[in-house]
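Here are a few notes to read alongside the model. Have it open as you go through the points.

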Amino acid sequence: MSKRRDWPLWEVFIRSRRGLSHQHVGSLHAPDAAMALRNARDVYTRRSEGVSIWVVPAAAIVASSPDEKDAFFDPAADKAYRHPTFYDVPAEVQHL
Amino acid sequence: MSVATLPDLATYALRLGDDSLVLSQRLGGWITNAPELEEDVALANIALDLLGQARTLLSYAGEVEGAGRDEDDLAYLRDERDFRNVALAELPNSNFAVTMARQLCFSTWQLALHQRLTSSADETLAGVAGKAVKEVSYHRDHATQWVLRLGDGTDESHRRMQSGLERVWPYVAELFTTDELEQRLASDGVAVDVSALRPEWDAHVDSVLQEATLTRPEGGPMLPAGGRRGIHTESFGFLLAEMQHLHRSHPGATW
């Protein structure tokens, strides 16, 4: 078994119901995209968690680097005027 | 309530329930042993779908029988000769290719059967079938995907998949062997005449085998159908011993 090539890693995104966006729920191994989708169905939606699944090869994801954290994120920290906190949000708006 | 005679109906529910129960027990043997964790979960899901079907069908068989036996009595306290499942369901897991060949053959048949059973005159059977069609569609797809990949994979995977197919093939004929009881129930619109399912089964299996570059085993011996009469293969006693041991040693045990 040690000689077996490992299956590639896939990241799994699930939309729990209509109107919401897909959320990252975890990752899994699968030999190809079609099997990744099926594995995601079995591993992550067994308890009715979803109505739609995306799988993405983990290798295709470009991630920000922890080293660039200061340059990337710190400048946003002191600019409160960018937050839409000066509006009254109607109670009926649920997913803002 | 259907017009079918009750002993016939009870036996019919028992047959279908035993198919699902026994294959569920077999598939459970893969858990923690499948090639990958993801496959453990996939096979466990399939096993649990089948177990759910078995519970409803055995409960119904017990209810129709009217002798006070519940699903546990029927699952755990019957002996080998009293089980009515087809032999294909009890074949040992062997390797993954054999398991997938068994699953493709069984699920393709079970799907065709339950699609017709949704219009059964018996409401309970129709209800079970309605739920099972969705479940079994996935089981068939899962097996199909693997047979395609293993058959049309490497030389070694192709060889093993072909060999797996040949291992289970002699047990396929039984799936389409009808008998008087089934014919009586079918004429009342309660049961499905399995001999009519063969063309549909062939169409799916043949297309999968062709795409998977596998050869349909032809000319080999077809074993006589004994499962519906309680005649089982050698390994079945061991399966029952494992499945029934706890319940028989500790009657009424719960957790």
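1. A term first: buried means under 20% relative accessible area, exposed over 50%, and partly exposed in between (1.4 Å probe, protein chains only). With that in hand, B:Thr32 counts as exposed because its relative accessibility is 64%.

2. This is a predicted model, where local features need pLDDT of at least 70, side-chain atom pairs count only at pLDDT 80 or more, and totals for chains, interfaces and linings use all residues. Residues are numbered from 1 along each chain as its sequence is written, and chains are lettered from A.

3. On confidence, pLDDT is the predictor's confidence in each residue, from 0 to 100. Chain B has a mean of 95, with 98% of its residues at 70 or more. For the complex, the predictor gives an ipTM of 0.79 and a pTM of 0.89.

4. Back to B:Thr32: it sits in the loop between α1 (6-28) and α2 (37-65) of chain B. Helices here are DSSP runs (H or I, at least four residues), numbered from the N terminus. The phi of B:Thr32 is near 75 degrees, a positive value in a residue other than glycine. Most residues other than glycine have a negative phi.

5. Which loop holds B:Ser94? It is the one between α4 (87-90) and α5 (96-117) of chain B. The phi of B:Ser94 is also positive, near 50 degrees, and the residue is exposed, with a relative accessible area of 52%.

6. Look also at B:Asp8 and B:Tyr12, among the α1(B) residues that meet α8(B), where B:Leu181 and B:Arg184 are included. Contact means heavy atoms within 4.5 Å.

Notes:
Side-chain values use heavy atoms; hydrogens and water are left out. Helices (H or I, at least four residues) and strands (E, at least two) are DSSP runs, numbered from the N terminus.
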